[in-house]
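Here is a short report on a protein model.

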Amino acid sequence: MRQALALAEGALYVPSPNPRVGCVLVRDAKVIGAGATQRVGSHHAEVMALKDMAARGNDASGATMYITLEPCSHHGRTPPCVDAIIAARPTRVVFAHFDPNPSVAGRGMRRLREAGIVVDVGICADEALAINPGFVSRMTRALPYVWMKIAASLDGKTGLTNGVSQWITGPEARADGHHWRARSCVVLTGIGTVRADNPKMNVRHVVTARQPRRAVIDPGFEINDDAAVLSGEGAIVFTGDQNAEKAARFADRGITVVNVPEDSSAPAGQARRRIDMRAMMRWLAEHDTNEVHVEAGSGLNGALLQADCVDELLVYMAPMLLGEGLSMAQLPSLTKLEGVQRFEFTDVTRFGADVRLRARIASHWQELMQKIHLTQPGLDKAL
């Protein structure tokens, strides 16, 4: 199963919006076939492994198939993988966790067992979820999985008071940040960052055949036509303003303009208008967005955190002190610790001179873990 997980991880940038899946066929303690899910519309991991098995001159009799996700049992862009598995007739199938897609959700296991194939489930489920948190989130919460990338000093500053921030972290940390961009479906920023830096927000420091979409939160629809973030394919502007002529002009360039309601819960008299962040995230999930990578300023970071739209933090800390400067996130003052938003650390990794801290909201993760097990409502009926 760990070999299958490694194959799935090797496909991090490839199959979106499909899940990343790895598959390994084993007989007599030897691998006789292996594969990973290809680009959307192409073969899934199970079919790739069976093709590899055949190319090696093997068959599946007496073999065990290890898969990082329950094999699909429905017609999507490709035929059901369970049909190919049943035709190949392995003796046993082991998968990491159930597919949360309501079209599968235990039906793949049921069909395999009805065909006389032994099925086991629950091996390395947490590791498998870590490869596809966005897919599971979209299928079960109708929301993408969102991580927020922040580069900061030891005293938690993301830039000087005059806005200078390039570069707080070194090239190794910046390259890792591009890895997280590449594995996302959408890179999200705000109009403030666009005005200050005019960033492209594309992937440049790692090799990928698929660029994520770029999205800008721009409540007043103030973005310039020539903003760098709008170049390339599939850019999105989320706004609360109506400007039919500008929206049509953007549409002619392949830029999607999405009107989102304003946030009625935003504090009165705030300096900037604020769109409904949850509504925006629901729109992204409805449009096949598994994972969102946020790179923004402290204002938008704070708004997303206050709206409970962030699942995980990626904080790259540089060994320096900036003193007065820009904060990681603008959050309201608290008088009691009971009101804080708590995260749990999951990883600390060094990149050059810098350190990356990963922290996630434990309750969000536990919710996803529950969804991939038999506790999922209605799953017993599928079985």
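## Cavities

The largest cavity has a volume of about 60 Å³. The model is predicted: local features need pLDDT of at least 70, side-chain atom pairs count only at pLDDT 80 or more, and totals for chains, interfaces and linings use all residues. Residues are numbered from 1 along each chain as its sequence is written, and side-chain values use heavy atoms, with hydrogens and water left out. A cavity is a set of points, on a 1 Å grid over the protein atoms alone, where a 1.4 Å probe fits but cannot get out; lining residues have an atom within 4 Å of a point. Grid points are joined across faces, edges and corners, and a volume is the space filled by probe spheres set on the points. The structure holds three cavities of 30 Å³ or more.

Residues lining the largest cavity include Arg141, Arg278, Met281, Asp308, Asp311 and His364. By class, this lining has six nonpolar, one polar and four charged residues. Here Ala, Val, Leu, Ile, Met, Phe, Trp, Tyr, Cys and Pro count as nonpolar, Asp, Glu, Lys and Arg as charged, and the others, Gly among them, as polar.

The second largest cavity has a volume of about 50 Å³. Among the residues of its lining are Tyr145, Trp147, Trp180, Arg183, Glu312 and Trp365. The lining divides into six nonpolar, no polar and four charged residues. Helices (H or I, at least four residues) and strands (E, at least two) are DSSP runs, numbered from the N terminus.

## Aromatic rings

The whole structure has seven aromatic pairs. Rings of Phe, Tyr and Trp (its six-membered ring) pair if their centres lie within 6.5 Å; planes under 30 degrees apart count as stacked, over 60 as edge-to-face and the rest as tilted. Tyr316 and Phe351 form a tilted pair, 6.5 Å centre to centre with 55° between the planes. Tyr316 is in strand β13 (residues 312-318) and Phe351 in strand β15 (residues 344-351), 35 residues apart. Tyr316 counts as buried because its relative accessibility is 1%. Phe351, at 18%, counts as buried too. Buried means under 20% relative accessible area, exposed over 50%, partly exposed in between (1.4 Å probe, protein chains only).

Ring pairs also link Tyr145, Trp147, Trp180 and Trp365 into a cluster. These four residues are among those that line the second largest cavity.

Two charges sit over rings. Arg174 lies over the face of Trp167, at 4.4 Å from the ring centre. Lys246 lies over the face of Phe221, at 4.6 Å from the ring centre. The test is NZ of Lys or CZ of Arg within 6 Å of the ring centre and within 35 degrees of the ring normal.

## Nonpolar core

A nonpolar core is a set of buried Ala, Val, Leu, Ile, Met, Phe, Trp, Tyr and Cys residues joined through side-chain atoms within 4.5 Å. The largest one has 34 residues; Leu188, Phe238, Met277, Met280, Met281 and Leu304 have the most contacts inside it. α10 (277-286) is one of the elements that supply at least two residues. With six residues, α10 gives the most to this core.

## Backbone geometry

A cis peptide bond joins Ser16 and Pro17, with omega about 10°. Pro17 is in the loop between α1 (2-9) and β1 (22-27).

Arg89 is not a glycine, yet has a positive phi of about 65°. Its relative accessible area is 40%, so Arg89 is partly exposed. Ala105, also not a glycine, has a positive phi of about 40°. Ala105 is buried, with a relative accessible area of 7%.

Note on methods:
On a 1 Å grid over the protein atoms alone, a cavity is a set of points where a 1.4 Å probe fits but cannot get out, and a pocket is an open set with protein on both sides within 12 Å along at least five of seven lines; lining residues have an atom within 4 Å of a point.
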